[in-house]
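Hi everyone, thanks for coming.

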Amino acid sequence: MSDSLVIIPTYNEIENIEAIIEAVFGLTKDFHVLIVDDNSPDGTSAKVKEMQVRYSGSLFLETRTEKSGLGTAYIHGFKWAIAKKYDYVFEMDADFSHNPEDLPRLYRACVNGADVSVGSRYKKGVNVVDWPLYRVLLSYGASFYVKIITGMRVHDPTAGFVCYKRHVLENIRLDSVRFVGYAFQIEMKFRAYLKNYKIEEVSIIFRDRVRGKSKMSSSIINEAIVGVFMMKVRSLFQKNKF
């Protein structure tokens, strides 16, 4: 039984799913993998089921009935991980923008004292490869904005490459998390920050996806801009919900 579970939410990731799973299982450190698939019409879940024959007992699949958003996929995975008693629970994208070889570094950060470790694009300058300039500016600007609004001293609060110790997830009110898009990443870190958990950033190199389509949209950007401000206000007046 591994102490670590990597949660990978998917929707139409047939071009990446087999390679990303094999990359995780190719690591020296033993990780289990949970795919949370939103009923992808491209056959992503069918490919995972096929691979489960090879990786019985370490590759798991939860298939939801419809596309319901990144945040709810992770919440589903977190609850599954808590029920199965994994000590370290990871978030990672399926598209290789997060390098699986960095998983052990996030793991070690938590083993050595962090409650949350974040694969950070901005801890040491800007470590982003193959993004157009406007996306770099948008992402970096969003990170600066979040720091100003929330008070968190996290250089990359929108990062989606994260390790949580199980007790952090057990003590965050997961059913109260509101965001479902990329702002979900901000809200999870903010809730951990409000509970005084130690958040440590691990510098990584982030690469844009090569295969498949990005899920970024204007509604996701609006959620991050307007929603983060409202989240801060709620945290001041509705502390019992945080």
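I'll start with the inside, then move on to charges and the surface. Keep in mind that this is a predicted model.

Okay, the inside. In soluble globular proteins, nonpolar side chains tend to be buried together. Here, the largest nonpolar core has 37 residues, and Ile7, Phe78, Tyr164, Phe184 and Met188 are the ones with the most contacts inside it. Several elements each supply at least two residues of this core, including strand S1 (4-10) and helix H8 (218-237). Helix H3 gives the largest share, seven residues.

Now, salt bridges. There are twelve in the structure. Let's look at arginine 166, in helix H6. Is arginine 166 buried or exposed? Well, its relative accessibility is 19%, so it counts as buried, the cut-off being under 20%. Arginine 166 pairs with aspartate 87 at 2.9 Å, N to O. That pair links distant parts of the chain, 79 residues apart. Arginine 166 also forms a salt bridge with glutamate 170, with the closest N and O atoms 3.3 Å apart. Those two are four residues apart in helix H6, so about one helical turn separates them.

There's a network, too: Glu18, Glu22, Lys47, Glu50 and Arg54 are joined by salt bridges that share partners.

Last, the surface. Arg173, Arg178, Lys195 and Lys241 gather there in a patch of positive charge. There's also a nonpolar surface patch of about 370 Å², made by Ile225, Val226, Phe229 and Met230. Valine 226 sits in helix H8 and is exposed, with a relative accessible area of 53%.

That's it from me!

Definitions and conventions. Residues numbered from 1 in each chain as written. Predicted model: local features only at pLDDT ≥ 70, side-chain atom pairs only at ≥ 80, totals over all residues. Heavy atoms only, no water. Patch = residues over 30% accessible without salt bridge, like charges linked within 9 Å, V, L, I, M, F, W, Y side chains within 5 Å. Areas by Shrake-Rupley, 256 points an atom, 1.4 Å probe, with all protein chains shown as cover. Salt bridge = Lys/Arg side-chain N within 4 Å of Asp/Glu carboxyl O. Lys, Arg positive; Asp, Glu negative; His and termini not counted. Charge placed at Lys NZ, Arg CZ, Asp CG, Glu CD. Core = buried A, V, L, I, M, F, W, Y, C linked by side-chain atoms within 4.5 Å. Buried < 20%, exposed > 50% of the residue type's maximum accessible area, 1.4 Å probe, protein only.
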